[in-house]
Amino acid sequence: MKTTLLGLALAVLLAPSGPASAKIGTIDDVPAATLLLPYFEVDLGKLDGITTLFSINNASPNAALAHVVVWTDHSIPTLAFDVYLTGYDVQTINLRDIFGGTLPQTADARLDRGDTLSPNSGPAQNPPADVDFPGRMGPCSRPADPFPSPTLTAATVEHLRNAHTGKPSPLLGGLCAGADYGEGYDLARGYVTVDVVRSCSLAIPSDPGYASLLAFDNVLWGDYFYANAAESYAQGETLVAVEACKPGETTDRCPFKPGAYTFYGRYSQADAKDQREPLATSFVTRYVNGGAFNQGTDLIVWRDSKFLNTNTNAPHSCNLSTDSSYLSQAAIYSFDEWEHSSELCVNGDYVLPVFRDNTCFPLATQRIDLEGGNIIANDATPPYSFGWMYLDLNHKKPDSLFGTTAQAWVTTVMSAAGRFSVGFDAIQLDNAGDGTPGGGVNPRR
């Protein structure tokens, strides 16, 4: 009887009723068409140092192809590869493996006849799908190599390690692609995007025609973890879920019209062909710089890099030292538990390179210690030990596409070294699409 009930329960659970969905323009934990890992760290010098792991999950009984792009903290892509997922599949990726030259090895039905690389198992009455995906030029289309090819060349590994630690890369002609914290060859930083796509490729979102590769099925979900064995702590959070408008869907925002702020709009002159919802621009979050959390609070901040480089996605001189290369913010305030307020990032000490706007979150992605001592940013240190913060991460300098509006994401991490740690997403106050043409209007404003 127990076996029968278990079988019925599985049949109901795995019935093809479709993944959960939510309202476009509200960033929430639901299956989506794009996932964002807003920040990662990998200690390249210590195997037991910090690393970042993330998972890509398929919420659908149908097979899906996930396109992974790794970006530096200057929003420059360094690597692209595909992950094939059978129905209800999951793939976990340790970024330490990527920087060591090993990619996840998956394959569709055509390249995995023995069903050993991407097993297709499930209840006999409702098996998940396993299909053939079309491929273009690249490692995923070579029959000899199940896609993607699991091993990177030594030159590519050197490029990855240099680009993500702010060092010159031979593959970039000796130019740089990320921030140099001055700590040698140790901590690789950046962020990751994952898109559900129609076919395999080595394309990146700034490539012309990238939108033609995108699918619009909201089926991907996942999580990520920062694990530091040497300091005996870890944090985890769900990946940021970016939903897409589906073909034929009509709501107050769908379909996004040309001119609307979409997630990838900065790469396509706001043509809205990606049909991905943008993220928020303003946030509130708690902080604790004392008490049990003796290591204080860090803010992990991802930002739309509209002005990070003269040419989007362009490598740059390693002597970059002008304030125009960094991102300003509209306003940062802290409040204590008695409602005393203080404006931050206004009269702080300057660091090199000189920041015109006292930039506290100057890069496309960063981890900022609220207790101070940050190398690449002005300190956003509240004068109180306990309280909350308001962050308006819109830009001060307008652009021709979205003005001063700029999407962002904020995650809060509170730690006690060797004891415990917690992490959670900040509260969103708006959406970058509010009020833009075809983007709808948020009544909360």
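In these legends, Ala, Val, Leu, Ile, Met, Phe, Trp, Tyr, Cys and Pro count as nonpolar, Asp, Glu, Lys and Arg as charged, and the others, Gly among them, as polar. The model shown is a predicted one.

**View 1. The second largest cavity, with a volume of about 40 Å³.** Among the 10 residues lining this second largest cavity, T165, Y181, E183, L187 and R189 lie closest to its centre. When the lining of the second largest cavity is sorted by class, three residues are nonpolar, three are polar and four are charged.

**View 2. The largest cavity, with a volume of about 50 Å³.** A search of the whole structure finds two cavities of 30 Å³ or more, and the lining of the largest is formed by Y224, Y226, Q235, G236, E237, I300, T411, V413, G423 and F424. At least two lining residues come from each of the strands β8 (223-228), β9 (233-238), β17 (408-416) and β18 (420-425), while β9, with three residues, gives the largest share. By class, the lining of the largest cavity holds five nonpolar residues, four polar ones and one that is charged.

**View 3. Helix α3 (residues 154-163), largely enclosed by the rest of the structure.** Buried here stands for under 20% relative accessible area, and seven of the 10 residues of α3 are buried, which is why the helix is described as largely enclosed. The buried residues are T156, V157, H159, L160, R161, N162 and A163, and the elements that these buried residues of α3 pack against are β4 (77-85) and α2 (95-99).

How values were computed: Residues numbered from 1 in each chain as written. Predicted model: local features only at pLDDT ≥ 70, side-chain atom pairs only at ≥ 80, totals over all residues. Heavy atoms only, no water. 1 Å grid on protein atoms, 1.4 Å probe; cavity = no way out; pocket = protein on both sides within 12 Å on 5 of 7 lines; lining within 4 Å. Points joined across faces, edges and corners; volume = space filled by probe spheres on them. Helix = DSSP H or I, 4+ residues; strand = E, 2+ residues; numbered from the N terminus. Buried < 20%, exposed > 50% of the residue type's maximum accessible area, 1.4 Å probe, protein only. Contact = heavy atoms within 4.5 Å.
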